[in-house]
Each structure stands twice: as structure tokens, then as C-alpha cells.
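Visitor: I'm new to this one. Could you walk me through how to read it?

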Amino acid sequence: MPLPRQRRGPDGVRSLIPWVHLDTSAIPGETASLRLMRRGDEFAIVVDSIELMNSRRSGSERALASLACGRLRENKAPRVLIGGLGMGFTLRAALSELGPEAQVVVAELIPAVAAWARGPLAHIFAGSLDDPRVALHETDVHDLIAASPGGFDAILLDVDNGPEGLVQRTNDRLYDVAGLGAAHRALRPGGLLGVWSERPDRKFKSRLQRGGFLVEEHKVRSAGSGGRHVVWMGEKADGAAASVRRR
């Protein structure tokens, strides 16, 4: 569990603000559980002792959306898939970049995360789930990708801690050769695959390039902390263009 944070009170005396455990959810197919925590006005989602996301650190999650959706402004009615609801930072950033005719499909596997979005985290989501452009599906994003050939202009994956599955071992199938192939097929010509990660991964970047994507790697500071996360942006390219970029 995260440690208490010290805050100086009105009288100048430091006091410990403890984390409060709000709710727990099982993770399908795993023995570990997901916990929602609160410390004052700060919220965190934690698995075991590892913090997956925090309401005070959202810069890289927002960058995942802005880097992709900023390129779709000339598309009158783009269709975007977001894998992983989290605390809604990627969703809100996508909506701010996209026009009124866009469609944003969100896939969230764990029902409790969707329930938290309308419950204790509702103020963070700020009504984004009620936006008419948004459709929330409580399902595995892998299944939506596999069932949607040519269905999206952008796919944004903020699932787990990046290409190495932490929360769910089955998340690895999103990032292996077959998973990237499915994402490539689900994108329209020139479509974008955005992937969030806690840290760099040279092997994954290479897999993206071999999978037919022109790849950019962005190191993005997470708001509220000095740390940097990684966002890969892969553009679906024909075989010739991908080959030229790899040389």
C-alpha cells in the first residue's frame, strides 16, 4: 500500500494523511486484485503494492491522446478506440482534440473501473462518459480489435504498465507479433497506433517497426512528478514505406 504523505497543517505542524481503501475488484484470470485508494483529494489505482495510476500524475496519459488525435483534425468523422479506461485522462484529452462527429470507443475489461468512473472518480471524469461521441464497452480490447478490420483511424492502448503485462498476463497478446498484426488490420490506411508504457522497450519498438508501422518514440513527463513515461506512435504504412524507415 502506498505510504502516507506528510502535509503541513494551518498550525505549521506536519501531519500524516493516510491512504483510505475505497474498493477492491478482482482481475479476471488473476489472483491479484485491483484497489481504489484515496488520500485527501488524491486518488490511486493499485495492484498489489504497485501504483498503476494516480489522479495527480496524468501528463503522459493525456499525451497519448493528443499525439494521435491532433493528427486527425482534418478527418471530419474519425473513429478512435481507447483500450483501458483508467481515470479517464486519455479519454478527456481525446475528446478535447476531436470534432463533434468523431466516435470514441472505450474498452474496459474490469466492470469495477467503469463503476468507479461514475462513482468516487466522477469528478475526475467530468461527464466525459456522457458525451454523445463516446461508447463504453465492458470487454477485452483485444476482442474489439480482432473484430474490427479497417474499423478505426486510431487505436490508443493504455493497458497494464506497457508492453510487459503486469496486471494481466493475457495483456501480452496485445503487444506480441500477432497482436500488433491485428491492430494493423484494424486500422484504416494511414491509421495510428499509440501505446503508453512506463519505460522504454527497444524490443517492442522493433516489433512495431517490423509489424508495418512508421514509429516515433516520445518521452513524456508525467504531470506532478519528475518521471518520464514513453508513448510510441506508430503510423500504418505500406510495406515499402516501413522498409525504408527501418534502414
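Visitor: Where is G162 found?

Guide: G162 sits in the loop between β10 (152-157) and α6 (172-175); helices (H or I, at least four residues) and strands (E, at least two) are DSSP runs, numbered from the N terminus. This is a predicted model, where local features need pLDDT of at least 70 and side-chain atom pairs count only at pLDDT 80 or more, while totals for chains, interfaces and linings use all residues. Residues are numbered from 1 along each chain as its sequence is written, and side-chain values use heavy atoms, leaving out hydrogens and water.

Visitor: Is G162 buried or exposed?

Guide: Buried means under 20% relative accessible area, exposed over 50%, partly exposed in between (1.4 Å probe, protein chains only). G162 has a relative accessible area of 0%, so G162 is buried.

Visitor: What does G162 touch?

Guide: Contact means heavy atoms within 4.5 Å. Not counting residues up to four places away in sequence, G162 touches Y175, W196 and S197.

Visitor: And A126, buried or exposed?

Guide: A126 is exposed, with a relative accessible area of 52%. This residue lies in the loop between α4 (122-125) and β9 (134-137), and its phi is near 50 degrees, a positive value in a residue other than glycine.

Visitor: How confident is the predictor?

Guide: pLDDT is the predictor's confidence in each residue, from 0 to 100. The chain averages 87, and 85% of the residues score at least 70. Over residues 1-14, though, pLDDT is below 50. Where pLDDT is low, the predicted coordinates should not be read in detail.
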